[in-house]
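Good morning, and thank you for making time for this presentation. Please have the sequence and the structure open as we go through them together.

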Amino acid sequence: MTSPGPTSAPRPRGSRHAPDETFPRPLGLLAELTYACPLHCPYCSNPLNLGDYREELTTAQWHRVLTEAAELGVVQLHLSGGEPLLRRDLVEIVHSAGELGMYTNLITSAIGLSPRRADRLRAAGLDHVQISIQASESTASDRIAGFPAFQRKIAAARLVKRLGWPLTLNVVLHRYNIDRMADILALAERLDADRVELANTQYYGWAWRNRAALLPSRRQLERAERIARAARDRLTGRMEIIYVLPDYYSTYPKPCMGGWARRQLTVVPNGDVLPCPAAHSLPLPRASVRENSLSQIWTRSPLFQRFRGTAWMPEPCRSCPRREIDFGGCRCQAFLLTGDAARTDPVCVLSPDHGIVAAAVRGANEGESLGEDALDPRPHPHRVQQP
């Protein structure tokens, strides 16, 4: 599932004690309620070992997590998965968050967003809906998703607008849909979307397994960027368009979640707490809400302390003037590419390991596409029944 995009931080609707500003406090919580999902997207960034996440937090446990998050300073709650609509208690979780003063954002495939369910979520106080879109028409979309979902997504997007919610469309871009960007943006206009996030694939989880087939060429990216820029200029004031360049084609890395354990945290279905959604892949001590409070995890756990700040950095990061801009890049990406989470992110042109990324880019530009038949689709994890 797509992770939350850069949203503005609304004021909390409730009142609580102000957090201690001598220590960095999280503003956003990504709650991955379940990894069950009807789609089989080959770019999914969720873990490969889905069997480890079968024992999901209960409604009462999620209520405790949200209460502790609010006390810690969280004002935005992003509800994701998998498919969060597969949780029977989603309405109760939204209601709890609203009572705690949080702005709630549902990140969904829209499968299961029936009029009845939408009405209940609206009554519970849900503030915003993000719907994933795989392509601009049903044949390509359903092929990428591995499920006949396109028409349901369109119906759900219209339902969202009818109920007065802000609508964001999330589009994960890759070799097999990036050339359809103009058509995707035209679809967004027809659906009267308020915001579109065109985010090139991040290579974790299933996307990492499928990287050679998914990574687009430089020609594709240059054309896509021109289309995105023109649409952004034309639609200013009507629709916000965010185009996220893939890390592999960047000169410098992006700051992971704004810096490790600075402003965001993630709670996954089994109660593990992570500084970013992909950190489950790192060989670090786990932290779980089943064993400790969110406050203890945020302030004291070895996992959250490991890469916080700049003291951990090796060269060339340690003496780089960008060290407090990109914080050394992505720890998960560094680990996947080099086997060492403490290395400078190889995306950076200053990294001694940058040749790893350069070789992957050359492969995407010199070789023939492996074709969609080479993609390894995400399998179904355990199934959760809808209410």
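Predicted model: local features only at pLDDT ≥ 70, side-chain atom pairs only at ≥ 80, totals over all residues.

Which helices do the buried residues of α12 pack against? Their partners are α7 (205-209), α8 (211-214) and α13 (354-366).

Helix α12 spans residues 331-338, and its buried residues are Arg 331, Cys 332, Gln 333, Ala 334 and Leu 337.

Let me now step back to the whole protein. Its secondary structure comes to 13 helices and nine strands. Of the 387 residues in the protein, 56% are buried. If we take contacts between residues at least 6 apart in sequence, 76% of them join residues at least 24 apart.

The sheet is our next topic. Nine strands form an open sheet with mixed pairing, in the order β7-β6-β5-β4-β3-β2-β1-β8-β9. At its edges are β7 (240-244) and β9, each of which pairs on one side only.

I shall begin with the pairing of β5 and β6. Strand β5, residues 167-173, runs parallel to strand β6, residues 195-200, and six bridges connect them. Within this pairing, Val 172 has Ala 199 in β6 as its bridge partner. Helix α6, residues 181-190, packs on the sheet and touches β5, β6 and β7. The direction of α6 makes about 155 degrees with that of β6.

How many bridges join strand β1 to strand β8? There are four, between residues 28-34 of β1 and residues 264-267 of β8, and the two strands run parallel. Leu 29 stands opposite Leu 265 in β8. On the β9 side, β8 is joined by two bridges to residues 273-274, and here the strands run antiparallel. One of the residue pairs is Val 267 with its bridge partner Val 273 in β9. The hairpin of β8 and β9 has five residues between the strands, and in it Gly 271 takes a positive phi near 100 degrees.

A further residue deserves a brief mention. Asp 52 lies in the loop between β1 and α1 (59-72). Is Asp 52 buried or exposed? Asp 52 counts as exposed because its relative accessibility is 51%, and the cut-off for exposed is over 50%. The C-alpha atom of Asp 52 is separated by 7.9 Å from that of Asn 270, although these residues are 218 apart along the chain.

Finally, I come to a pair of helices. Two packed helices are described by the angle between their axes and the distance between the axes. For α2, residues 90-99, and α3, residues 115-124, the axes come within 8 Å and cross at roughly 20 degrees. The two helices are therefore roughly parallel, since angles under 35 degrees count as such. The crossing of α2 past α3 is right-handed.

Which residues meet where α2 and α3 are in contact? From α2 come Leu 90, Val 91, Glu 92, Val 94 and His 95, and from α3 come Arg 117, Arg 120, Leu 121 and Ala 124. By class, this contact has five nonpolar, one polar and three charged residues.

Thank you for your attention.

How values were computed
Residues numbered from 1 in each chain as written. Heavy atoms only, no water. Pairing = 2+ DSSP bridges. Axes fitted to C-alpha atoms, helices over the stretch in contact; angles between N-to-C directions. Parallel < 35°, antiparallel > 145°, perpendicular 65-115°, else oblique. Left-handed = near helix turned anticlockwise from the far one by under 90°. Contact = heavy atoms within 4.5 Å. Nonpolar A, V, L, I, M, F, W, Y, C, P; charged D, E, K, R; others polar. Buried < 20%, exposed > 50% of the residue type's maximum accessible area, 1.4 Å probe, protein only.
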